[in-house]
Each structure stands twice: as C-alpha cells, then as structure tokens.
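Take your time and look for each part as it comes up.

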Amino acid sequence: MAFPSVYEMTNPLTTVRKQHLVEWFSGDVISTDGTGRWNNHGSNAPLYLVGDGENCGIRLTGLSVGYASMGLNNKNAFDVGQCTFISTFRRNSDNQNATAGMRNNPVSSTNGSYMLMDTNANNIQLLNNGGNPTTTVTTTPIHRNWTTVKIENDRANTSIKLSLDGVLASNGTSTTNISSAGGQPSFFTMMSSGSGTTTLDVNYCEVYNT
Amino acid sequence: MTDFYDLLNPHGTVAEQRMVEYFTGSHIDNSRWVTNQLTGGSTATMSTSIDGGVILTGGGTTNAKATLGFNNVKQYTHTGSVFIGVYKFSATQASTIQTLGLSSADSNPRSAPQNAALFSCSTGATSYYVESGDGLNFASTSTSAQVDTNYHTGKLALDGAGIDFSIDGVLAVRRTDTIPTAPMQPVIHLNSDIAATMNVNYCEVYNT
C-alpha cells in the first residue's frame, strides 16, 4: 500500500503532527558552522566530516584533550522527557566516552536522556537527568559495531526505555528523574582518560515528540 | 522491509516532485528556503520552543511582512498537487494576516496577478478562508472553520478544477473559481502591524 504523503506514513491527517526530524547524514558536507541544521558544540578543533565509504554517514572526531559534540545550536524543539530518539552509529576508539541521545545542552548532562558507551565501564549505560541524575547500567557490553539505539522517553508513563538493535535492553529502563525540559539530539565523543583522538560515526538520526 | 519509494508510490509509478521539510535544527535550510520579503523589522528564525519549528515574527510596524519561499522556483503544478502544513497562529487580531500554501511569488504571494492557492487567517477574521489567484485576478471563500492559537494541520489539494482545503483531516471548503493556471512554490507568509508570530513545524508538497 502506498501512502499519499510522508505525513500520513506516521500520522493520519486527523492527528496534528508534532515536531519530527529525520537526518540521513548523506552528501558532500554536513554543515556544523552555524549555517545549517547541525552545530558544533565541541572544543579543541573537533572535526565533523562526511565519510567517503559504505554506510559511513558523518564522522565526529575529538582531538587531544578536547571533544566533539554535535547538536542543534540549542534550538530545543523536542521534549526530552516525551520524545523518541533513534540513531544508527558506531564508536571506533579503544579509549572512548561516546554518547548519543537527547540533551537540553549538548555539553551538559542536566536535562538529558542518552546512551553512554564508556571504556571505563564494561556495559552500555542509559543516563538521564531531570535536575538530578539517574544512571542505568544495562547487561549489554560496550562494543565497536554499528548499532541502532532507540530511547523512548515517556514522562506520562514514568519510564525511559533503551532498546539496542530492536530489543529492549536488559536492565535498560529508567523510572526516575525524567526531564521536563526542551532538548535536541546530540552526539558526543572524547577520550575516557588522557589525551588523544576518538571518532564516532553516525549515519541516521530520527527524533519525534510523542 | 520495504523501501521509502514504495511506501509513497504505487508499484510501477514514476514518482513526481515532492518536498518534505521538518523545520528542525540550528538554522533554516537556506539552500531550500529564501526570505526575499522581510520588511518592517520582521524576522524568520528557528524557534527554541518545543514543537516550535520555524517562527515568523512581525516587526511591530505597520504592514510589516515576512515570507518564506523557494526563490520563485516553481515545481508544483496547478493541475494536481497537494500542500500540507502544521502551524500555529499567535493571534487573530484585526491587524494580522497569516497565510500558508502555494503561490507563484515569494513576495506579496497573496495578491493579483499571482497564481496562488492559499489558506489564511486574515484581518479580524474568526474563521479560515481560502484564497486563490489565476494569474489575473484574486478571490477568496470563507469557511466555517474557526481560527485559534493551537497547532493544526492544513491541507490544500489542487486537481485542476478546484482547490479543497482541509483542516485536521476535515474538508472545510472547495473553491472552483479563479484557480491557478501556472506552477507554484510553497510559501509561508505573515503580514502584521503588531509583533504577531506564526510557527510552522512541518511542510510537505507533492505533485499528484
């Protein structure tokens, strides 16, 4: 069956659609200089380059003691505590703190809901903050494969659910400190400790208010 | 698993021109949209509010205008096309006009001699009306659909013989006179004497 419109693929016309973003990270350049959709929130001259290879999407590169952080210039059209975030990404480095999810400010953990892969921890974590932090440690080990993360923020039902590659993560649900703030999708990479280069690839991002 | 193309086009059908704009992010995509008409201190920027999309704001001076368009690149046909927009008006004051739809011009899109198919909340009106131009004249039809300051989904469907305007999936009116006779572009237009605003967080246009 063909839908008449993209709108009707996800909503009937009798339902007023809420803010929705689909980003394929495909093309020559993804501008992060304040002229396009995405914005650089990093430090120490990070790089954001579209990859010239299969499925590469965009590569974030954090350098030295700095970090790469990509967001929407604090244009917070999404409700951190009542939205769904989906992304396909891959972390590439041995010594790395990499996150993907929603944040009120791309360089702050306050009022956020995001997944963390940190080399200093064994397993993938769900971090959320509604003024105070909650850390939920899943039973899934961190890895360096392409993976699809889905975070369903549902303040109305007091839950945040983290799914990995389509499966709700074991011990991947948080029920406290769900944000009521506006937010934006954000990707972040830096060294877990010391100084050096880390990279994170992202080839899909979708966010929608629910 | 199916592909995006087949979700939108019956098998064996060649897709026609389509545009989907989510109005999300740091800046308006100025490789797609232009603001050739910003007068009287009016602005068009990305909103920082939840569901805010892009926000057009009147400059607070007499007859100030803000218009987003495609720099007069007109790819959508008068004989068969659809415009869908999700929007919120800030005001229904006597001094404010808020308009979405298709027009041949990205400045003053709602006046003769433009080809146009538009829906509006106009000066002092409490209900929507649909207006259109055929390249020579302009005319309008009022509806019974009441204007408010909530988000709504407006749809214009052109079939060459008329224009159907629906709000939130319910047909409000069909216009059959003074209908466009040439291709058009999507436009979002605010004309206000006060600092009125209009948010738009989704726009889709396609030929049928």
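Two residues are said to be in contact if their C-beta atoms, placed from the backbone, lie within 7 Å. Please keep in mind that this is a predicted model.

**Where the chains touch**

How many residues does the contact take from chain A and from chain B? Chain A gives 32 residues, and chain B gives 34 residues. On the chain A side, helix H1 (7-10), strand S1 (20-23) and strand S6 (78-79) each supply at least two residues. S1(A) brings the largest share of that side, with 3 residues. Sorted by class, the side of chain A that touches chain B holds 14 nonpolar, 13 polar and 5 charged residues.

**A sheet in chain B**

Now turn to chain B and find its open sheet of 7 strands. The strands follow the order S2-S5-S14-S7-S8-S9-S10, and the pairing is antiparallel. Which strands lie at the edges? They are strand S2 (34-38) and strand S10 (138-146) of chain B, each of which pairs on one side only. From one strand to the next, the twist averages 20°.

One pair to trace by eye is S5(B) with strand S14 (residues 185-192) of chain B, which run in the antiparallel sense over 5 bridges. Within this part of the sheet, B:Leu68 stands opposite B:Ile188 in S14(B).

**Backbone details in the loops**

In chain B, the loop between strand S5 (64-69) and strand S6 (81-89) contains B:Asn71. B:Asn72 is found in the loop between S5 and S6 of chain B as well.

| Residue | Phi | Other C-beta atoms within 10 Å |
|---|---|---|
| B:Asn71 | near 60° | 13 |
| B:Asn72 | near 65° | 14 |

The phi of B:Asn71 is a positive value in a residue other than glycine, and that of B:Asn72 is likewise positive in a residue other than glycine. B:Asn71 is partly exposed because its count is 13, and B:Asn72 is partly exposed because its count is 14.

For a last stop, look at the loop between strand S7 (96-103) and strand S8 (115-121) of chain B, where B:Pro113 has its place. What kind of peptide bond joins B:Ala112 and B:Pro113? The bond is cis, and its omega is about 10°.

Terms used
Residues numbered from 1 in each chain as written. Chains lettered and ligands numbered in written order. Predicted model: local features only at pLDDT ≥ 70, side-chain atom pairs only at ≥ 80, totals over all residues. Helix = DSSP H or I, 4+ residues; strand = E, 2+ residues; numbered from the N terminus. Nonpolar A, V, L, I, M, F, W, Y, C, P; charged D, E, K, R; others polar. Buried ≥ 20, exposed ≤ 12 C-beta atoms within 10 Å, placed from the backbone. Pairing = 2+ DSSP bridges. Axes fitted to C-alpha atoms, helices over the stretch in contact; angles between N-to-C directions.
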